[in-house]
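Reader: I am new to reading protein models. Could we go through this one by question and answer?

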Amino acid sequence: MVTGKMVQSHDRYQLPRDFEGFGIDSHNCQWPNKARIAVSFVLNYEEGGERSILEGDAHSEPYLWEKGSSGGHREGARYLNAEQDFEYGSRVGVWRLMRLFREFGWKITIYAVARAMELNPRFGEYCVKEAGHEIANHGLRWLDFWDLPLEKDRQYVKDSCNKLKKLTGEFPVGVYFGRSTPNTPGMLPEIYKAMHKEQGTPKLLYSSECYNDDVPYWVDLPYEKDLPDSEKEGMLLVPYSYDTNDGKFHMAPGFTSSAGQLYTQYLISTFDCLYRESGKMMNIPLHSRITGKAGRSEALREFCEYISKKEGVWVTTRKEIAKHYRGKFPYKPGSRTGGAS
């Protein structure tokens with residue numbers, strides 16, 4: 001890729017593409033207590049970490065707010081409309097969503113941007129000390145860093161982990177950037193392992209830098225290929241998704257799915273299919289400034305009420321999903337399902 005800067009992909013960190021998956025019989029994750037499905041609500045907490053003149057950027061954030069692509073931006077000047085839509089997410093929307101999950105007694109995963117957590121310390125305190133939600137690493141700020149050279153890329157991961165630990169009290173064992181270099185996803189286990197040796201922090205439990213399945217799976221790491229199998233650790237991927245993401249409200253044509261369904265309908269249809277197949281996981285990606293708005297939160301509530309009445313539904317954090325999968329299907333080089341057949 002060349003857009004003014006050359007991005008260098010290092011073979012050591014390039015994960016191969018996989019077009020085969022698990023085949024016609026798919027894969028049953030054998031969730032705890034014979035649950036038929038694991039449901040992962042993920043709150044992307046980005047408000048305050050987006051582009052802003054006050055943060056030294058060229059303009060305010062033009063992406064994923066109420067005016068969407070039509071909102072534009074003001075080059076070199078603050079755009080208060082955009083700023084305040086993001087502020088709604090941290091001032092109001094996030095607490096509306098927290099009340100919703102408290103009502104149902106569910107723990108969720110927070111994809112936490114460090115700068116956003118820094119600007120709303122009460123939210124981080126609530127998540128960790130009161131609600132028991134998971135803090136996962138979503139970056140220092142909500143910005144692309146696709147062009148970082150290797151050492152700066154490595155330092156970015158370390159800095160974001162350490163800052164989130166400082167701000168929230170929880171060291172993130174899961175990662176989803178979504179805006180990284182081509183090297184970052186394959187580097188994560190190595191970076192975490194180095195931090196573990198240097199600082200005594202936990203190793204990487206999982207990465208969600210993938211969108212290509214409905215179940216977790218293992219990948220072999222290119223830089224471990226010459227090691228004895230007993231020394232290989234691999235990397236566990238817990239897939240994320242775009243199709244159920246509330247960000248589609250701010251993308252053309254809005255949340256009218258390609259199946260002609262509205263938000264709640266599409267979530268329910270997705271759930272019903274995965275529930276029937278059994279052994280799968282479902283992602284529900286959220287944003288405080290989007291689903292935290294009153295009308296959309298009611299649509300989300302309708303979905304929550306629907307699944308709460310079903311038997312065998314495990315609503316949990318991605319950390320718990322990863323811990324279960326590691327315990328049930330430990331890593332085995334060359335196998336997507338670890339020790340499973």
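Reader: Over residues 86-173, what share of the chain is helix and what share is strand?

Author: This is a predicted model, in which local features need pLDDT of at least 70 and side-chain atom pairs count only at pLDDT 80 or more, while totals for chains, interfaces and linings use all residues. Residues are numbered from 1 along each chain as its sequence is written, and side-chain values use heavy atoms, with hydrogens and water left out. Helices (H or I, at least four residues) and strands (E, at least two) are DSSP runs, numbered from the N terminus. The end C-alpha atoms of residues 86-173 are 27 Å apart, and the chain there is 62% helix and 9% strand.

Reader: What does UniProt list for residues 86-173?

Author: UniProt positions are given in the numbering used here, feature names are shortened, and annotations may be inferred rather than shown by experiment. The entry is unreviewed, and for residues 86-173 it lists "domain: NodB homology".

Reader: Which residues of helix α4 are buried, and why do they line one face?

Author: Buried means under 20% relative accessible area, exposed over 50%, and partly exposed in between (1.4 Å probe, protein chains only). In α4, residues 121-131, the buried ones are F123, G124, Y126, C127 and A131. They line one face of the helix because, seen down the axis of α4, they fall within an arc of 160°, where the arc is that of the directions from the helix axis to the C-beta atoms.

Reader: Which exposed residues does the other face of α4 carry?

Author: This face is turned away from the buried side of α4. The exposed residues there are P121 and K129.

Reader: What do the buried residues of α4 pack against?

Author: Contact means heavy atoms within 4.5 Å. The partners include the helices α2 (80-104), α3 (114-119) and α5 (150-168). The strands among them are β1 (37-45), β2 (109-112) and β3 (134-137).

Reader: Which residue follows α4, and what is its phi?

Author: The residue after α4 is G132. The phi of G132 is positive, near 75°.

Reader: What is the phi of S26, and what is the phi of Q30?

Author: Most residues other than glycine have a negative phi, and most peptide bonds are trans. S26 is found in the segment before β1, and Q30 lies in that segment before β1 too. S26 is partly exposed, with a relative accessible area of 31%, and Q30 is partly exposed, with a relative accessible area of 41%. Neither is a glycine, yet the phi of S26 is positive, about 60°, and that of Q30 is positive, about 50°.

Reader: What is the volume of the largest pocket, and which element gives the most to its lining?

Author: On a 1 Å grid over the protein atoms alone, a pocket is an open set of points with protein on both sides within 12 Å along at least five of seven lines, a cavity is a set of points where a 1.4 Å probe fits but cannot get out, and lining residues have an atom within 4 Å of a point. Grid points are joined across faces, edges and corners, and a volume is the space filled by probe spheres set on the points. The largest pocket is lined by 28 residues, of which L15, P16, R17, D18 and V219 lie nearest its centre. Its volume is about 740 Å³, and the element giving the most to the lining, with three residues, is β6.

Reader: How many residues of each class are in the lining of the largest pocket?

Author: Ala, Val, Leu, Ile, Met, Phe, Trp, Tyr, Cys and Pro count as nonpolar, Asp, Glu, Lys and Arg as charged, and the others, Gly among them, as polar. The lining of the largest pocket has 15 nonpolar, eight polar and five charged residues.

Reader: Which residues are closest to the centre of the second largest pocket?

Author: The second largest pocket has a volume of about 290 Å³. Of the 15 residues that line this pocket, the closest to its centre are E47, G48, E50, E87 and L119.

Reader: Is E50 buried or exposed?

Author: E50 is found in the loop between β1 and α1 (68-71). Leaving aside its neighbours within four places in sequence, E50 is in contact with D57, E61, F86, R141 and W142. With a relative accessible area of 6%, E50 is buried.
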